[in-house]
Amino acid sequence: MEDQSFVPLSWTEVPLEEMHLRSKELLEVMHKRRTTRHFSTREVPKELIERAILCGGTAPSGAHLQPWTFVAISSQELKQKIREAAEAEERKTYQDRMPDAWREVLQPLGTDAVKEHLTDAPWVVVLFRQSKRLRPNGEWGPTYYSSESCGIAAGMFIHAIHNMGLVTLTHTPSPMGFLRDILNRPDHEHAMLVLPVGYPADDAEVPDLERKSLDEISIFFEA
Ligand code: IYR
């Protein structure tokens, strides 16, 4: 076993007033994030995607195993391939596999089996969850809380994209095993989310939705 090593936490106190200000500003920024299905084909520099991935990679993870692989695709040919495979699955889902209880909650969102965002967006980022890791002794061992870890990393990636002024969409073709084959990933990596990234189309729309209030999403037990 390697010796553990610790370094001092780099932390500077933020005055309470400034905390209030920052928390309000962040809430305002986050409230403006919307998931749109309408992307422009306008190019986005690779460096911005790299930085968003690095932001995702700051997420806390089980045993700090960082069990994620972000696969970023700008090749039109590959995006087309992914779109065709995703649409083939989604057609089956929307036509045959989707129970009414699911259909009724998707109806207001206007989703369907056509996934033009997969070819319109200049980048498609596929997040793979690693269920195993190679141990120093050469054997395979499990990762821990990889779904939770990757969920957090995805949230941080999404926020980074929004904060830099771009848009993204959390697309979940189901089942998504085809992504491992197309993108040549190993068996212990499981596609979890498909995130087209880019500028919104000039005529981009979003459903007219409300977010739940604080009372609806929280309970406080106060001192
Ligand atoms: N995976 C499908 C269906 C879908 C499911 C949920 I839950 C959504 O919030 C949106 C869509 C699709 O991507 O269309």
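Arg-97 and Glu-89 form a salt bridge, with their closest N and O atoms 2.8 Å apart. The model is predicted. In total, 8 salt bridges are counted. The largest nonpolar core holds 20 residues, and a second, separate core holds 14.

**Salt bridges**

- Side chains of opposite charge can pair when their charged atoms come close.
- In the Arg-97 to Glu-89 pair, Arg-97 is partly exposed, at 38% relative accessible area.
- Glu-89 has a relative accessible area of 17%, so Glu-89 falls under the 20% limit and is buried.
- Arg-185 and Glu-189 also pair through their side chains, at 2.8 Å from N to O.
- Arg-185 is partly exposed at 27% relative accessibility, whereas Glu-189 is buried at 3%.
- Glu-139 and Arg-135 meet at 3.6 Å, N to O.
- Glu-139 is partly exposed at 45% relative accessibility, and Arg-135 is partly exposed at 35%.

**Largest nonpolar core**

- Trp-68, Phe-70, Val-125, Leu-127, Phe-157 and Val-197 touch the most other members of this core.
- At least two core residues come from each of α2 (46-56), β1 (68-73), β2 (123-130), α6 (146-163) and β6 (189-198).
- Helix α6 contributes the most, with 7 residues.
- Leaving aside residues up to four places away in sequence, Val-125 touches Ile-49, Phe-157 and Leu-193, among others.
- The contacts of Val-125 also include Phe-70, Val-71, Ala-72, Val-194, Leu-195 and Val-197.

**Second core**

- Leu-118, Phe-128, Phe-178 and Ala-191 are among the 14 residues of the second, separate core.

**Helix α3**

- Helix α3 covers residues 76-97, which is 22 residues.
- At 1.5 Å a residue, α3 should span 32 Å; its end C-alpha atoms lie 29 Å apart, so the two values agree.
- The buried residues of α3 include the charged-pair member Glu-89, along with Lys-79, Ile-82, Arg-83, Ala-86, Glu-87, Glu-90, Thr-93 and Tyr-94.
- An α-helix has 3.6 residues a turn, so residues three or four places apart point the same way.
- The cover over the buried residues of α3 includes strands β1 and β2.
- Helices α4 (100-106), α5 (117-120) and α7 (178-182) are also part of that cover.

**Surface patch**

- Leu-26, Val-29 and Met-30 make up a nonpolar patch on the surface.
- Together these residues have about 220 Å² of accessible area.
- Met-30 lies in helix α1 (residues 16-31).
- Met-30 counts as partly exposed because its relative accessibility is 39%.

Notes
Residues numbered from 1 in each chain as written. Predicted model: local features only at pLDDT ≥ 70, side-chain atom pairs only at ≥ 80, totals over all residues. Heavy atoms only, no water. Core = buried A, V, L, I, M, F, W, Y, C linked by side-chain atoms within 4.5 Å. Buried < 20%, exposed > 50% of the residue type's maximum accessible area, 1.4 Å probe, protein only. Helix = DSSP H or I, 4+ residues; strand = E, 2+ residues; numbered from the N terminus. Contact = heavy atoms within 4.5 Å. Expected span 1.5 Å × (residues − 1). Patch = residues over 30% accessible without salt bridge, like charges linked within 9 Å, V, L, I, M, F, W, Y side chains within 5 Å. Areas by Shrake-Rupley, 256 points an atom, 1.4 Å probe, with all protein chains shown as cover. Salt bridge = Lys/Arg side-chain N within 4 Å of Asp/Glu carboxyl O.
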